[in-house]
Amino acid sequence: MPVLNINGQSVDAKADPRTPLLWVLRDTLGMTGTKYGCGIAQCGACTVHIDGVPTRSCQVPLNSVGGRKITTIEGIADGDKLNKIQQAWLELDVPQCGYCQSGMIMAATALLAAKPNPTDADIDAAMTNICRCGTYKQIREAIHAAAKA
Amino acid sequence: MTIQTTLGSTPLNRRNFLVGTAAATGGFSLAFSFPYAPAMAAEVQEINAWVVIKPDDTVVIRIARSEMGQGTLTGLAQMVVEELECDWKKVTTEYPTPGENVKRGRVWKNFSTGGSRGIRESNQYVREGGAAARLMLVAAAAAEWNVPVAECTAANSVVTHSSGKTLTYGHLASAAAKLEPPKEIPLKDPKDWKLIGKPIHRLDTMDKLTGKQMYGIDVKLPGMLTATVKACPVNGGKLKSFDAAKVEKMPGVKKVVSIDGNAVVVVADTYWNARTALAALPIEWDVGKSGSVQQSDVTAMLKDGLGATEAYIGNKVGDAAGAIAGAAKKVEATYAYPWQNHAPMEPLNAAALYTPDKLEVWCGTQNGEAALAAAAEAAELPVAKCDVYKMMLGGGFGRRGRADYVRQAVLVAKQMPGVPIKLIWSREEDMQHGSYHPTTMCKLTGGLDKDGNLVGLHMRISGQSILASLAPQSLQNGMDPATFQGMLPSGPEGTYSYNVPNLLIDHAMRNPHLTAGFWRGVNLNQNTVYMESFMDELAEAAGKDPLEFRMKLMKPKNAAALKAACDRAGYGKPLPEGHFHGIAQVMGFGSYVAGVAEVSVSKDGVLKIHKITAATDPGYAVNPWLIERQVAGSFVYGLSAALYGEITVKDGVVEQTNFDSYNVMRMDEMPEVDTVVAASGGFWGGVGEPTIAVAAASVLNGIYKATGKRVRELPLMNNELKKGA
């Protein structure tokens with residue numbers, strides 16, 4: 001049974017080794033914060049961090065992540081203290097339906113870790129996730145706000 | 001803009017929380033807790049259907065409409081609380097179930113969440129709900145003090161007597177709940193509003209930031225299995241056969257079933273196992289007569305309607321044909337609008353638990369009562385034995401108003417009594433079995449007199465009717481009035497914007513085989529593209545500026561909205577080199593909207609939408625903070641459609657399968673959006689949808705100015721914008 005390192009904890013994940021990490025998280029481990037949107041790495045709703053890199057978990061088989069450090073939306077706040085991105089998202093009321101926002105927040109958190117003061121072009125390049133409600137304007141504002149926080 | 005602070009999270013109805021959220025908060029155990037913690041526990045007092053007050057002063061506002069991102073949960077709560085006079089910081093919300101609504105004589109009235117109707121249709125009765133509860137709380141205080149009611153006032157969850165003594169709502173709730181509801185329920189004068197009209201934070205943000213928010217797809221019940229479905233690839237076709245033996249021994253597979261004679265479902269322990277087995281399942285289809293339909297057939301069908309002699313008349317003034325025939329100048333143009341898919345981010349899903357005595361369904365739905373009716377029908381149980389627990393929607397846009405996925409889940413659950421089944425559609429299933437934005441074509445003919453005045457106009461719409469697809473019983477002598485949205489002689493759904501002395505707007509209905517549905521913005525979308533593009537074409541033929549040409553013809557509120565957008569955008573003033581303004585306006589969903597798009601097109605034909613300035617007049621603006629978000633979001637939805645949105649068929653099958661073949665707008669294409677909330681008061685209009693319509697139309701008019709190319713067929717990606725090409 002593969003042992004995964006998720007949000008700093010070691011977890012047994014009993015699933016076929018070819019199962020995408022997305023479905024291991026959701027169905028095997030019950031961590032439903034990571035979302036299914038397309039299954040082909042187009043929409044980014046399933047974005048998690050693998051060794052700090054934002055990654056679309058629908059395309060990552062279980063047998064490729066053993067021993068690697070996985071962070072999900074459930075693991076980025078410090079207890080009840082939101083991270084800077086989450087806090088900016090809260091203050092600007094970024095989410096509408098909210099379904100894509102786990103992935104958006106994971107992508108933005110990774111962006112800020114790599115580039116603490118991103119330009120609009122950096123944001124365009126890093127934030128390729130799909131939002132159908134159309135929260136892009138608020139996402140851009142919130143990333144800039146988080147960078148200044 | 002100042003933002004009032006409030007709670008960051010919304011405790012939703014406990015009935016919706018099926019599984020302990022230990023897993024979601026970072027633990028890994030799948031802890032179960034059973035659904036249904038009754039809303040009316042002993043210590044909780046229901047003052048009336050809309051208002052529940054707990055001893056700690058927490059106020060639960062019941063919301064009948066569904067939250068899918070548009071903010072109705074917050075807006076409707078504001079309306080109740082305005083009259084209730086409770087402390088906004090103590091407000092939470094919950095959904096009553098559709099089953100309770102039926103049992104209580106539809107006390108919450110309409111659950112349907114579409115047509116931007118949440119606030120515009122329920123504003124009166126939800127405010128009365130809040131006001132009635134306040135009157136009862138005040139009466140309870142007066143009774144306890146033995147003083148006249150007139151000596152008591154209510155504010156901020158406290159009733160105060162003229163002597164200065166106070167009692168809290170939490171204290172009074174129990175006594176108030178026992179009182180007769182008031183017969184006279186006066187409402188505040190709008191000038192006295194404290195909460196309505198204020199930019200207030202949403203009530204439902206916090207859990208959407210941490211992964212805790214439960215959507216339908218996240219539902220987990222004890223012993224639950226997950227199913228996924230494949231319907232006949234050709235809409236209207238049937239299932240011929242499938243070889244379950246080939247996949248029954250695959251990992252996790254529990255059962256392979258057919259439903260409705262047109263779809264196969266694999267039930268397994270996990271979604272991935274169900275999906276993997278379904279992909280391996282040999283299936284034979286009887287695609288039926290639609291299996292030979294090509295996109296060119298659809299186009300030919302629509303073209304035929306453009307010149308047909310028979311058509312339903314939606315709007316008629318004077319003699320358009322005569323006026324055009326006698327006009328000094330005749331202008332004519334034909335436009336086309338494709339099918340488009342909703343593609344909400346959360347794929348369609350529903351969970352159902354069936355026993356011969358009871359059916360329970362958990363799902364995101366835009367119409368709880370329609371979901372309940374569909375579920376009961378599929379289960380073949382009386383409605384009284386069924387209920388639907390509404391979950392947060394991961395987007396709806398109209399798709400979740402249709403209950404086809406609910407029916408499917410129940411049909412599967414019925415074949416496995418006692419086992420909770422969660423049916424999840426793949427994205428591919430969503431793309432290929434949509435309730436698509438109707439496809440239409442339109443021929444516009446206008447006559448100008450020698451001074452460039454519009455003397456006659458004929459708009460012939462040809463194509464699909466939504467009602468014919470989804471609700472044929474609602475057709476009026478065969479006519480679908482919704483087809484004329486924005487072009488109607490009167491009414492809130494979309495009154496035509498212009499005074500034209502001789503006007504004919506008619507519809508030759510042509511229904512190809514794909515199901516049409518209500519798609520955010522509905523028929524306003526294409527009608528606005530047609531009419532507003534043609535207004536620019538007429539203006540050019542008349543040798544006039546598009547704004548000047550329109551202003552002469554427009555009705556006052558439309559003109560005011562367009563002027564507000566143009567003033568804000570600086571229409572007519574110099575723009576950066578190579579930038580051009582296109583304008584559009586329309587009235588629909590009870591509101592007046594206008595947009596000014598600033599665009600440029602490079603010499604290689606690359607379009608850049610720099611900015612859209614929007615004005616929206618919804619009468620009363622309940623929450624400008626959320627309206628701005630709806631307008632910006634509307635442009636993303638509308639521009640995604642304008643740039644890329646196109647569903648096509650080959651051999652009757654939808655050719656697009658996922659976001660790789662059905663592209664949508666991303667962050668890098670998002671224009672700057674500047675929103676003017678130009679609320680003129682006196683009426684209640686919707687905001688979730690109308691502004692979508694002006695996105696494409698204003699951009700197309702800007703493109704013409706930039707390139708001299710008049711794009712008449714969407715999506716834009718099929719058009720070469722390069723000069724000279």
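Colleague: How many residues does the contact take from chain B and from chain A?

Modeller: Bear in mind that this is a predicted model, where local features need pLDDT of at least 70, side-chain atom pairs count only at pLDDT 80 or more, and totals for chains, interfaces and linings use all residues. Residues are numbered from 1 along each chain as its sequence is written, chains are lettered from A and ligands numbered from 1 in the order in which they are written, and side-chain values use heavy atoms, with hydrogens and water left out. Taking contact as heavy atoms within 4.5 Å, the tally is 64 residues from chain B and 55 residues from chain A.

Colleague: Which residues' side chains meet in a salt bridge at 2.8 Å, N to O?

Modeller: A salt bridge here is a side-chain nitrogen of Lys or Arg within 4 Å of a carboxyl oxygen of Asp or Glu. Chain B and chain A have two salt bridges between them. The one at 2.8 Å joins A:Arg26 and B:Asp218.

Colleague: Which helix gives the most to the side of chain B that touches chain A?

Modeller: Helices (H or I, at least four residues) are DSSP runs numbered from the N terminus, as are strands (E, at least two). The count between the chains is 30 residue pairs in polar contact, both at pLDDT 80 or more, meaning N or O atoms within 3.5 Å; within protein, one must be able to donate a hydrogen and the other to accept it, and residues adjacent in sequence count only if both atoms are side-chain atoms. Helices H5, H6, H11 and H16 of chain B each supply at least two residues of that side. The top contributor, with eight residues, is H16(B).

Colleague: Is B:Gln526 buried or exposed?

Modeller: B:Gln526 sits in helix H13 (residues 522-541) of chain B, and touches B:Tyr337, B:His437 and B:Thr440, not counting residues up to four places away in sequence. The cut-offs are under 20% relative accessible area for buried, over 50% for exposed and partly exposed in between (1.4 Å probe, protein chains only). B:Gln526 has 1% relative accessibility, so it counts as buried.

Colleague: What do the buried residues of H2(A) pack against?

Modeller: The buried residues of H2(A), residues 84-91, are A:Ile85, A:Gln86, A:Ala88, A:Trp89 and A:Leu90. At the helix start, a side-chain oxygen of A:Asn83 reaches to within 3.0 Å of the backbone nitrogen of A:Ile85. The packing partners are helix H3 (101-114) and helix H5 (136-148) of chain A, together with H5 of chain B.
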